[in-house]
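Here are my notes on the model you sent.

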Amino acid sequence: MGKKVLLDYGSGGKASQRLISELFLKYLGNERLNRLDDAAFLTNLDGPLAMSTDSYTVDPLFFPGGNIGSLAVHGTVNDVAMLGARPMFLSCAFIIEEGLEMEVLEEIVASMGEAAKKSGVEIVTGDTKVVPKGAVDKIFINTTGIGQIVANPAPSGHRAKPGDVIIVSGSMGDHGLAILSHRQGIAFDSNVESDSAPLNHLVLKLVQEIPDIHVLRDPTRGGLATTLNEIAQQSQVECLIFEDKIPIREEVKGGCSFLGLDPLYLANEGKLICILPENQAEKALEIMRSDPLAQECAIIGQVSDERPGKVVLETGLGGHRLLDMLEGEQLPRIC
């Protein structure tokens, strides 16, 4: 292969075959993908299934704590897991700009292979398109995931109930600020890394130990505030959260203060929100603290029926502020 991706690599001809055999199968290969049929032949899929798809256009492609490849795997694995499911298989589709450095593509694909291995999923089918220079910005990736639902009943944004408590698995806003701090032209001194990580192993422990988890969500675009608004509206409940209970790194607070951003609206790619009955909260915290990805977990609020569909923040001084859903895009191309 050459040093740059050419239109020929998306032609379906010999160049495409070289790209598949010498790059994609090198890092992503497994028994199902190696068959190279038009579709993946899947087995061992019984019972209710969860399926999710997402497209990744993050800028820059490489950032502290990950890159677009690992993010594309983690993001879809986590979306499938939030239904109380065990993710099993992924598809991936690449739209690549002509002229992308081949070593950049290789690093991205290698990280996808490593992320899939860490997540315990197989990438079983895929597609590659190469488009003329300027048609896309370097590379976009779509991943679709499917997995078996383990929880019964499955967690859902419609199931939050008055009396439930709201738990987050760790600090908020790390991914959003990590992307912003390394974006050309607005960089500033910060040690914040993206929290991009697969949450499926943690979720499996939670749903197996606590069958009565009502809601699991990963607060990605729009952050904690927007995700809680979605849940409050789906379940027609109030989500009351306490400012001094929400874990936020000092570096993130400082960066947000400098840039005029609210960390409650910044994206996370390795954290989850868990809503469940109060008498199960300590068990959930115990499970989370046993996992390296949830060491900073905390109860941050409670669910009530006082103001259905609303999210309210109780400040450190005891005041109350309505947290609305994010209007527009605070940070474009963060995932």
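Predicted model: local features only at pLDDT ≥ 70, side-chain atom pairs only at ≥ 80, totals over all residues.

1. The largest pocket. Its volume is about 490 Å³. A total of 26 residues line the largest pocket, and those nearest its centre are Ile 20, Leu 36, Gly 126, Asp 127 and Thr 128.

2. Where that lining comes from. At least two lining residues of the largest pocket are supplied by each of α1 (14-28), β4 (85-97) and β5 (122-131). Helix α1 gives the largest share, seven residues. Sorted by class, the lining of the largest pocket holds 13 nonpolar, eight polar and five charged residues.

3. The cavity. Searching the whole structure turns up one cavity of 30 Å³ or more. The volume of the largest cavity is about 50 Å³. Its lining consists of Gly 222, Tyr 265, Leu 266, Ala 267, Leu 326, Glu 329, Gln 330, Leu 331 and Ile 334. Six of the residues lining the largest cavity are nonpolar, two are polar and one is charged.

4. Helices α5 and α8. Two packed helices are described by the angle between their axes and by the distance between those axes. For α5 (residues 200-209) and α8 (residues 281-289), the angle is about 150 degrees and the axes are 10 Å apart. Angles over 145 degrees count as roughly antiparallel, so α5 is roughly antiparallel to α8. The crossing of α5 and α8 is right-handed.

5. Residues between α5 and α8. On the α5 side, the contact is made by Leu 202, Lys 205, Leu 206 and Glu 209, and on the α8 side by Lys 283, Ala 284, Ile 287 and Met 288. The contact of α5 with α8 has five nonpolar and three charged residues, and no polar ones.

6. Helices α4 and α7. The axes of α4 (residues 174-181) and α7 (residues 250-259) cross at roughly 55 degrees and come within 10 Å. Helices α4 and α7 are therefore oblique to each other. The crossing of α4 and α7 is left-handed.

7. Residues between α4 and α7. Helix α4 contributes Asp 174, Leu 177 and Leu 180 to the contact, while α7 contributes Glu 251, Val 252, Gly 255, Cys 256 and Leu 259. By class, the contact of α4 with α7 comprises five nonpolar residues, one polar residue and two charged residues.

Terms used: Residues numbered from 1 in each chain as written. Heavy atoms only, no water. 1 Å grid on protein atoms, 1.4 Å probe; cavity = no way out; pocket = protein on both sides within 12 Å on 5 of 7 lines; lining within 4 Å. Points joined across faces, edges and corners; volume = space filled by probe spheres on them. Helix = DSSP H or I, 4+ residues; strand = E, 2+ residues; numbered from the N terminus. Nonpolar A, V, L, I, M, F, W, Y, C, P; charged D, E, K, R; others polar. Axes fitted to C-alpha atoms, helices over the stretch in contact; angles between N-to-C directions. Parallel < 35°, antiparallel > 145°, perpendicular 65-115°, else oblique. Left-handed = near helix turned anticlockwise from the far one by under 90°. Contact = heavy atoms within 4.5 Å.
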